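Subject: Structure for your review

Dear colleague,

Please find the structure below, handed over for your use. My notes on what was found follow it.

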Amino acid sequence: MVWHDCKTDSPKKDGYYILILKEDHYITWTRAFYNTKWDLWIDVFDEAYEGLYKWAEVDLSEVE
């Protein structure tokens, strides 16, 4: 799995991704949808939001 920086390397296509959020000493991850902005079910964030940290695409093609 390759991790990308949210500030400098946004996804090239819309879809679901694993997203790491980091604020102060608190780090968590979630599944988020990207469509020019990050949609986290309750809020929509753009790249200027400080909590956006890293994202990765997960290849589930081999999962049955």
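In what order do the elements of the chain run from the N terminus on? They run β-β-β-β-β-β. The count is accordingly six strands and zero helices. Please keep in mind that this is a predicted model.

On the chain overall: it has 64 residues, of which 27% count as buried. Taking contacts between residues at least 6 apart in sequence, 50% join residues at least 24 apart. The chain exposes about 4900 Å², and 53% of that is supplied by carbon and sulfur atoms.

The largest nonpolar core is made up of ten residues, namely Cys6, Tyr17, Leu19, Leu21, Ala32, Tyr34, Trp38, Leu40, Leu52 and Trp55. Two or more residues of this core come from each of strand 2 (15–23), strand 3 (26–34) and strand 6. Strand 2 gives the largest share, three residues.

Then the surface. Met1, Trp3, Val58, Leu60 and Val63 make a nonpolar patch of about 540 Å². One of these residues, Val58, lies in the segment that follows strand 6 (52–56).

Is valine 58 buried, partly exposed or exposed? Valine 58 counts as partly exposed because its relative accessibility is 36%, and the partly exposed class lies between the buried limit of under 20% and the exposed limit of over 50%.

Regards

How values were computed. Residues numbered from 1 in each chain as written. Predicted model: local features only at pLDDT ≥ 70, side-chain atom pairs only at ≥ 80, totals over all residues. Heavy atoms only, no water. Patch = residues over 30% accessible without salt bridge, like charges linked within 9 Å, V, L, I, M, F, W, Y side chains within 5 Å. Areas by Shrake-Rupley, 256 points an atom, 1.4 Å probe, with all protein chains shown as cover. Salt bridge = Lys/Arg side-chain N within 4 Å of Asp/Glu carboxyl O. Helix = DSSP H or I, 4+ residues; strand = E, 2+ residues; numbered from the N terminus. Buried < 20%, exposed > 50% of the residue type's maximum accessible area, 1.4 Å probe, protein only. Core = buried A, V, L, I, M, F, W, Y, C linked by side-chain atoms within 4.5 Å. Contact = heavy atoms within 4.5 Å.
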